Amino acid sequence: MKNKIYVHVADDHKIVIDGIIAVLNTDKDIEIRGYSLTGKEVTNWFENDQNQADVLILDITMPILDGIGVLKYFKKNRIRQKVIILSSYDDIKIVQEMLSLGCKGYITKNNAGEHIIEAIKTVANGEQYFSPNIQRQLLKTLAGQQVEEGALPENFLIDTLTDRELDVLKLITKQFNTSEIADTLNLGISTVDTYRKSLLRKLKVKNAVGLAMYAVKNKIV
């Protein structure tokens with residue numbers, strides 16, 4: 001009897017994939033079944049009958065074939081694949097389009113580390129899952145309330161970072177720990193911790209995975 005949830009991860013940045021996999025590997029009920037760097041790699045993977053995943057984690061913006069194209073491919077070929085969109089975009093119109101194409105969950109990347117395991121288990125169980133910010137917007141839409149215009153990756157936040165904060169962010173993205181960052185930048189450990197907390201607050205993310213995702217998507221690294 002199968003007791004694992006098999007997951008395939010698709011994103012156009014390997015460092016983001018590594019971060020997602022690192023989080024998923026902390027849960028004994030989830031097993032990674034490969035990853036893809038382009039939408040075309042995703043469709044190729046699922047065309048092989050030997051490859052099966054209970055849940056696909058899918059980014060929207062990927063080369064060759066984007067996430068929308070992947071969902072359209074599944075719909076056209078009647079592939080009943082459970083998909084969770086993991087995206088930097090939180091515009092409700094994009095969310096609604098993804099739902100119309102058959103996705104079962106939608107998480108914004110700044111919430112990934114906190115919600116992705118629960119999302120996978122919920123979707124694998126046949127239910128839908130949305131990160132809290134998306135859920136609030138969907139509820140407002142259903143209630144006929146005005147929904148604020150969704151945000152794309154907030155590039156303007158980069159301008160609020162100091163040069164030293166950017167240095168620390170780049171090293172965090174390279175998976176340096178606090179001691180290694182302190183040695184590299186000739187700073188005290190407590191000073192590095194202060195910069196790390198400042199980055200989490202300014203960029204509105206929860207952990208190092210969120211910082212790495214933000215840095216990659218906004219071309220800081």
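Predicted model: local features only at pLDDT ≥ 70, side-chain atom pairs only at ≥ 80, totals over all residues.

Guide: Residues are numbered from 1 along each chain as its sequence is written, and side-chain values use heavy atoms, with hydrogens and water left out.

Visitor: Why is the crossover from β1 to β2 called right-handed?
Guide: The term applies if, with the strands pointing away from the viewer, the path from the first strand over the helix to the second runs clockwise. Here the chain passes from β1 through α1 to β2, and this β-α-β crossover is right-handed.

Visitor: Which strand pairs with β1 over four bridges?
Guide: That is strand β3 (residues 55–58), again in the parallel sense. H8 stands opposite L56, and V9 has I57 as its bridge partner in β3.

Visitor: What makes β2 and β6 edge strands?
Guide: The open sheet has six strands in the order β2-β1-β3-β4-β5-β6, with parallel pairing. β2 and β6 (129–130) each pair on one side only.

Visitor: How do you know that β1 is mostly covered?
Guide: Buried means under 20% relative accessible area, exposed over 50%, and partly exposed in between, with a 1.4 Å probe and protein chains only. Six of the six residues of β1 are buried. I5, V7 and V9 lie on one side and Y6, H8 and A10 on the other, so both faces are covered.

Visitor: What covers the buried residues of α1 and α7?
Guide: Contact means heavy atoms within 4.5 Å. The buried residues of α1 are V16, I17, G19, I20, I21, V23 and L24, and their cover includes β1, β2, β4 (82–87), α5 (112–124) and α10. In α7 (residues 163–173), E165, L166, V168, L169, L171, I172 and T173 are buried; α1 (14–24), α8 (178–185), α9 (189–203) and α10 (208–217) are among what covers them.

Visitor: Why does Q175 count as exposed?
Guide: Q175 has 59% relative accessibility, so it counts as exposed. Q175 is in the loop between α7 and α8 and has a positive phi of about 70° although it is not a glycine. Most residues other than glycine have a negative phi.

Visitor: Why is N186 called exposed?
Guide: Its relative accessible area is 72%, so N186 is exposed. N186 lies in the loop between α8 and α9, with a positive phi of about 60° although it is not a glycine.

Visitor: What lines the second largest pocket?
Guide: A pocket is an open set of points on a 1 Å grid over the protein atoms alone, where a 1.4 Å probe fits, with protein on both sides within 12 Å along at least five of seven lines; lining residues have an atom within 4 Å of a point. Among those lining this pocket are L71, F74, K75 and R78. Helix α3 (residues 67–76) gives the largest share of the lining, three residues.

How values were computed
Helix = DSSP H or I, 4+ residues; strand = E, 2+ residues; numbered from the N terminus. Pairing = 2+ DSSP bridges.
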